[in-house]
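Please examine the structure shown below before reading on.

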Amino acid sequence: MAVVQAERTTADAPTAPTKPVGDRRGRPLWVRLLPYLLVAPTLLGTAYLLVYPMVRNLLISFQKFGIGQLIRGGAEFVGIDNYREIFTDDKFWSVVGRTFVFTAINVGLIMVLSTLVALLINALDRWMRLTVMGGLVLAWAIPVLAATTVFQWLFQSQLGVVNWALVQLGFEQFDGHAWFADGRSTFAIIVVLIVWQSVPFAALTLYAAMTTVPRELYESAQIDGAGPVKIFRLITFPILRPMFGLILCLEVIWVFKSFVQIWVISQGGPGDATLTLPVYAYQIAQSLNRYDLGAAISVVTVVLLTLVLLAYFRQMFKEEGEL
Amino acid sequence: MRTRLHRRVLLNLLGLGVFAFSVFPVYWMVLTAFKPTKDIQAETPSFLPVHVTFSHFSTAVHADGFWLFWRNSAFVAVTGVLLALVVACLAAFAVARMKWKGRQAFILMVFVAQMTPWEALLIPMYVIARDTDMLDKLPTLTLIYFMMTLPFTIVTLRGFLNAIPAELEEAGQVDGCNQFQAFRRIVFPLLAPGLLSTSLFGFITAWNEFAFANLLIIKEQDQRTLPVWLSSFSNTFGTDWGATMAAATLFMLPVLLIFLVLQGRVTTGVAAGAVKG
């Protein structure tokens, strides 16, 4: 209804040049102030709920802040002591290393698999394509926590279906195998979980981008005798490069800071096998009550993420041209 | 000819493989939820729903506090998203329809805010909530979910608003509306589908959030939300995987429904029709 009405109004409208409403000189004060009033709630919310916690985090990282200071207040500044403490701790560096390895494995798998899946969807017939996309959307839609719970069930040692299937395939050693007791296999399960949850978004986005590549390019390449690998390397990839860049940055950020899956499945264990930076910061603050060290680790995390974020924004603004 | 047929078959098999791999965990969850305990513990699992039972759902629903946590989750998600919607509407209007100094900087701020690593803010949030006596209170979560969804909501609404030509409102103003009447009568109906899909996405974010709900609600067990409850399923259900899967299914259900509603909604219903005319 509304659309029809609006359509009629457009037809009657004089052909005025497009410019934002209210762009006139000599407007009364309240009209000029209006936009600022409209964004004021956003600014206030951001200031208190985002900027202030960030700043507070930075402050705590320069203070001595344990359980005593949490209860009584009056934390004193200790300069860079906390940073010195974490930077001289071997455990911290092993966590940093593990976080990078964890991110690299996950993002590498996500990028390769989602590219392959996107190419596959692109090559399928309509019905099969819709089926696959439906499956991807389902995997995408399931809440992280539900997925995490299901994966714990899939990999259960006694009744888990994965062990059953492996034994059926002839790997007898998996009979009753306790996946979550071993560091490496817990790490692997978390990787599978994160990749399983991340591929749908990346694949569907890449597929959507692939549909924008003009068909003629492919056809002429085929006439010239180029095979599928060559077509991907010479046509699809160069055209979609900005899109690949954006998704790569997003996935790096998302994987790097992933917390829920690890915390719920293993809390960083067994041993320290799945301890990454966000989990480490949380753990050190919660179980040791060293909020100062936790804050310092969080600051390091944010700094590392900011570097990736800068690359992301550069890519995005190159894409969009302007804000 | 034969190689093309081979290619088709191979592609379709690969497609089926991807489909099976993405769907299986979800299928297994729902299947387990409906299986009698006897079948769950069977030596050889059955992959089809041979015997169906609702007893696990009954166990899950009657578990201590299930409905309470359900209500808590719904409360924080709905209030957070509504708040974000109202605030974002104002900001998006200012950004999309008005010229003012600082507009670019504001948009940049929203983009940056959208990428906030919330996981790194857990500790200061805990300290701040403790200082301001906001621990163990649901409104604290409302505020955090409001801020989590706000940037995304502004960006999307701005996108929807940009898609609605300003001429529509100008025409309305020529016909005697003021700027706000024009907005309410002309733009708002066109914006409604956008508002709906944006808020549903926000709802999903808030409904799924675990880390803050887990950290900020500690002593008052009655204020917990569903994800936190689900994460401690072994305390509630022990090794009763049927009930655990039933609980997970119930937790997933609203999200799934929203995804079904959104299918197509996101792309249709925007001003496409109005612009074409």
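Domain bounds here come from an automatic or database domain assignment. For chain B this assignment gives domain 1 (2–53) and domain 2 (64–276). The model is predicted, and local features need pLDDT of at least 70, side-chain atom pairs count only at pLDDT 80 or more, while totals for chains, interfaces and linings use all residues. Residues are numbered from 1 along each chain as its sequence is written, and chains are lettered from A and ligands numbered from 1 in the order in which they are written.

Chain B has 14 helices and zero strands. Helices (H or I, at least four residues) and strands (E, at least two) are DSSP runs, numbered from the N terminus. The overall form of chain B can be described by its radius of gyration, which is taken over C-alpha atoms. That radius is 24 Å, whereas a compact globule of 277 residues would have one near 19 Å; the globule rule is 2.2 Å times the number of residues to the power 0.38. Along its principal axes, the C-alpha trace of chain B spans about 75 × 75 × 30 Å. Buried residues account for 44% of the 277 residues in chain B. A residue is buried if 20 or more other C-beta atoms lie within 10 Å of its own, exposed if 12 or fewer, and partly exposed in between, with C-beta atoms placed from the backbone.

How far apart are the centres of the two domains of chain B? Taken over C-alpha atoms, the centres of domain 1 and domain 2 of chain B are separated by 34 Å. Seven residues of domain 1 of chain B are in contact with six residues of domain 2 of chain B, where contact requires that the C-beta atoms of two residues, placed from the backbone, lie within 7 Å. On the side of domain 1 of chain B that touches domain 2 of chain B, α1(B) gives the most, with four residues. The residues of this side of domain 1 of chain B divide into four nonpolar, two polar and one charged. Ala, Val, Leu, Ile, Met, Phe, Trp, Tyr, Cys and Pro count as nonpolar, Asp, Glu, Lys and Arg as charged, and the others, Gly among them, as polar.

The UniProt annotation "transmembrane region" (unreviewed entry) covers several stretches of chain B, including residues 74–94 and 141–161. UniProt positions are given in the numbering used here, feature names are shortened, and annotations may be inferred rather than shown by experiment. Residues 74–94 of chain B are 100% helix, with end C-alpha atoms 30 Å apart. Residues 141–161 of chain B are also 100% helix, and their end C-alpha atoms are 29 Å apart.

Attention now turns to the partner chain. In chain A, 77 residues are in contact with 80 residues of chain B. Helix α2 (residues 29–61) of chain A supplies the largest share of the side of chain A that touches chain B, 15 residues. By class, this side of chain A has 58 nonpolar, 14 polar and five charged residues.

Finally, two residues deserve a look at their backbone angles. Most residues other than glycine have a negative phi. A:Asn289 has a positive phi of about 60° although it is not a glycine, and A:Asn289 is found in the loop between α13 (277–286) and α14 (291–320) of chain A. B:Asp136 likewise has a positive phi of about 60° without being a glycine; B:Asp136 is in the loop between α6 (122–131) and α7 (138–163) of chain B.
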